[in-house]
Amino acid sequence: MRNKTKKLRRRDILLGASVITGATILASCDDKIDGGTPKDPKDSASISKNITQWRMVTCWPRDFPGGGTGSQNLAKRITEASDGRLEIKNFAAGELVPAFEVFDAVREGTAQCGHAAPYYWIAKHKAIPFFCTVPGGMTASEKAAWIIYGGGQELWDEVYAEFGVKSFLAGNTGVQMGGWFQKEINSLEDFQGIKMRMPGLGAEVINRMGGTAVNMPAGEIMPALQSGVIDAAEWVGPWNDLALGFYKVAKYYYGPGFHEGGTTNELVMNKKSYESLNEDLKIIVKVCCHAAAIEVPSEYFAYSGLSLEILKKDHNVDVRSFPKDVIKQMFLISKEVVAETASYGELHARVFDSWNKFLQQSMQYQKYGDYGFMRDRAMAYADI
Ligand code: CA
């Protein structure tokens, strides 16, 4: 375990270093394009007068894998890619504002931008989780396809315009696990009376299954599980869950979860701050966000397999899938809960219709797409 953990950390450090190396190479190329001559100091002075400084508040503990590191890398990369013209300072949860006050801090201009999982803002507008994740919904690649090519970004902009903010995709966790439980789940009745940490629309599904859902940020889950304030908790997946140490207090680890097929992280920006940027800086922000939208899920994927192995072999965690009839009920209740969102208003209905049409189309295509291929692969190799 110790060696594996060290290896994981070494890889983290190497990954961080590769980002810096990449930026250095880009800077060198620029110098060559300029003919290799040093920049005129007067130019540098004039550029320095146009430095824009943004504060980025986040929902994550400092250096927390995926969210924390993803947001820190994004702040650093935008600063470097803009040659310091847009300088972004990253604040971990609680350093400037608490995790769940990120949206309001950006809306009110306390910070110019924030890094978060959009479904934390469900109380602001019930359509917001569609841009993050909803139970029984899309995977990371399906959602990116809907947002970038299926009209999702335009609808996201419309919903967020009501709050004076604007977001881009800036990360994804991939498929999340179903959660940590103190007792076995053999039927839907086993959810009766369970108090479970569950965010977004998934919370309503847990409630309809007879449990009680509560939401709380990362730092509060472990003490709540330990003290018995909650009986079960979902957080993310093997990589993040190993880091928080849930295996120390809960015996059963179920997955995959019905509730988060691929959870988006966003860079949420104060709309006025974003619109005041020069066009080139707007492009840099978007491109850096979309780079994070492929890099962060890749990092999650790379470390999740290794972390699952550590949880099973080194910590003797009992990893299971929910029984088939429980899974079916979870998805059917999810479908009801998600469809009800359309009744909350005209914009809610348009978001749901666009999302639902894309999902139905994707489900038909997936028979012959990623899902079809993985199903055939598993059948042929029969080793999982
Ligand atoms: Ca989660």
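Which residue in E10 does Ala116 stand opposite? Hold that thought while we look around this predicted model.

## Strand E10 and its partners

The answer is Glu266: that's the E10 residue Ala116 faces. The pairing behind this contact involves strand E3, which spans residues 113-116 and runs antiparallel to E10, with four bridges joining the two.

E10 has another antiparallel partner too. Strand E4, residues 165-172, pairs with E10 over six bridges. Here Glu266 turns up again, as the bridge partner of Leu169.

## How covered is E10?

Strand E10 takes in residues 264-270, and seven of its seven residues count as buried. That goes for both faces: Thr264, Glu266, Val268 and Asn270 are buried on one side, while Asn265, Leu267 and Met269 are buried on the other.

## The six-stranded sheet

Now for another part of the model. Six strands make up an open sheet with mixed pairing, and reading across, the order is E7-E6-E8-E5-E9-E11. Strands E7 (212-214) and E11 (318-320) sit at the edges with a single partner strand each, so one side of each has no neighbour in the sheet.

As a reminder, strands of a sheet pair through backbone hydrogen bonds, and they can do so in a parallel or an antiparallel way.

## A parallel pair

Within this sheet, have a look at strands E6 (residues 195-197) and E8 (residues 232-233): they pair in the parallel sense over two bridges.

Technical notes
Residues numbered from 1 in each chain as written. Predicted model: local features only at pLDDT ≥ 70, side-chain atom pairs only at ≥ 80, totals over all residues. Heavy atoms only, no water. Pairing = 2+ DSSP bridges. Buried < 20%, exposed > 50% of the residue type's maximum accessible area, 1.4 Å probe, protein only.
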